[in-house]
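Visitor: Could you take me through this model, with the cut-offs behind each term?

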Amino acid sequence: MHHLRLGVNIDHVATVRNARGGAYPDPLRAAKLAEEAGADGITAHLREDRRHISDADIEGLMEVLSVPLNFEMAATEEMQKIALRHRPHAVCIVPEKREERTTEGGLEVAREENKLAHFIAPLREAGCRVSIFIAADRRQIEAAHRIGAEVIELHTGAYCDAHAEGRFDERDAELERLREMAALGHSLGLEVHAGHGLTYETVSPVAAFPEVRELNIGHFLIGEAIFLGLQPAIAEMRRLMDAARPGA
């Protein structure tokens, strides 16, 4: 089994910074600490409203990182231009408005197939690995494959919410759906990632799926860092991920 990569999302360091409008805490410093703590990549979502990560953050990350940057963005012309200017290692297309989402919360690919195929083609030509953030849903996975995405990131939010709220039957059903759809994505030749809402309590079953190559975890780690510090928070997540993958 492959080494399971951990992508650490630093968006919410910027959320805290922006609450005061100053320069502190610095997401770039968080990114460097995450690298040292064993992150295999850094994820940052440049939103249309710039509510956390800023354009200057993306520029800074491209300069200082020695691990790959996974640039999360909406499928807009503005974001495409920024991605083509910086050419990050990976670009993950995420929904930003409610109408762009499937009921399960990932990107609505099946209904927007033609538009998205045209949108991602120049990104692929520029050498970015294009990932699509989608629900564990057969229609969406097959559509992501048809439009030429190389990677899918399965949305683990419904599974994590069900666990947090004590709806264990629903949690187990969602986990089974994630398991089946990870296998489906892999069988189509897609690289399978997963993320959204993962915590120490919920990470292990997802990390155990043999087809999953990368987990992207952000909000929980930044929250945990308030209590533990960023490096110990990440190190514990790494430990749990490794323990779930014997022989990886």
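This is a predicted model: local features need pLDDT of at least 70, side-chain atom pairs count only at pLDDT 80 or more; totals for chains, interfaces and linings use all residues.

Visitor: Is Thr 43 buried or exposed, and with which side chain does the side chain of Thr 43 make a polar contact?

Guide: Thr 43 lies in strand S2 (residues 41-45), where helices (H or I, at least four residues) and strands (E, at least two) are DSSP runs numbered from the N terminus. Its relative accessible area is 1%, so Thr 43 is buried, given that buried means under 20%, exposed over 50% and partly exposed in between, with a 1.4 Å probe and protein chains only. Leaving aside neighbours within four places in sequence, Thr 43 is in contact with residues including Gly 7, Asp 11, Asn 70 and Asn 216, contact meaning heavy atoms within 4.5 Å. A polar contact is a pair of N or O atoms within 3.5 Å, where within protein one must be able to donate a hydrogen and the other to accept it, and residues adjacent in sequence count only if both atoms are side-chain atoms; the partner here, at 3.2 Å, is the side chain of Asn 70.

Visitor: In strand S7, which residues point the other way from Glu 191, His 193 and Gly 195?

Guide: In a regular strand the side chains alternate between the two faces of the sheet. Strand S7 (residues 191-195) is mostly covered, with 5 of its 5 residues buried. Glu 191, His 193 and Gly 195 point one way, and the residues that point the other way are Val 192 and Ala 194.

Visitor: Which residue in S7 is the bridge partner of Leu 154?

Guide: Two strands pair if DSSP finds at least two bridges between them. S7 is joined to strand S8 (residues 212-217) by 4 bridges, the two running parallel, and it pairs with strand S6 (residues 151-155) in the parallel sense over 5 bridges. In S7, the bridge partner of Leu 154 is Ala 194.

Visitor: Is Glu 174 buried or exposed?

Guide: Glu 174 lies in helix H8 (residues 168-187). Beyond its neighbours within four places in sequence, Glu 174 is in contact with Ala 158 and Tyr 159. Because its relative accessibility is 7%, Glu 174 counts as buried.

Visitor: How many residues apart in sequence are the parts that the pair of Arg 129 and Glu 150 ties together?

Guide: A salt bridge is a side-chain nitrogen of Lys or Arg within 4 Å of a carboxyl oxygen of Asp or Glu, and Arg 129 forms one with Glu 150, the closest N and O atoms being 3.6 Å apart. Arg 129 lies in strand S5 (residues 129-134) and Glu 150 in the loop between helix H6 (138-146) and S6, so the parts tied together are apart in sequence by 21 residues.

Visitor: How many salt bridges does a search of the whole structure find?

Guide: Among them, the side chains of Arg 167 and Glu 165 meet at 2.7 Å, N to O, and those of Arg 51 and Asp 49 at 3.2 Å. Arg 5, Arg 124, Arg 129, Glu 150, Glu 191 and Glu 214 are linked in a network of salt bridges. For the whole structure, the number of salt bridges found is 24.

Conventions. Residues are numbered from 1 along each chain as its sequence is written. Side-chain values use heavy atoms; hydrogens and water are left out.
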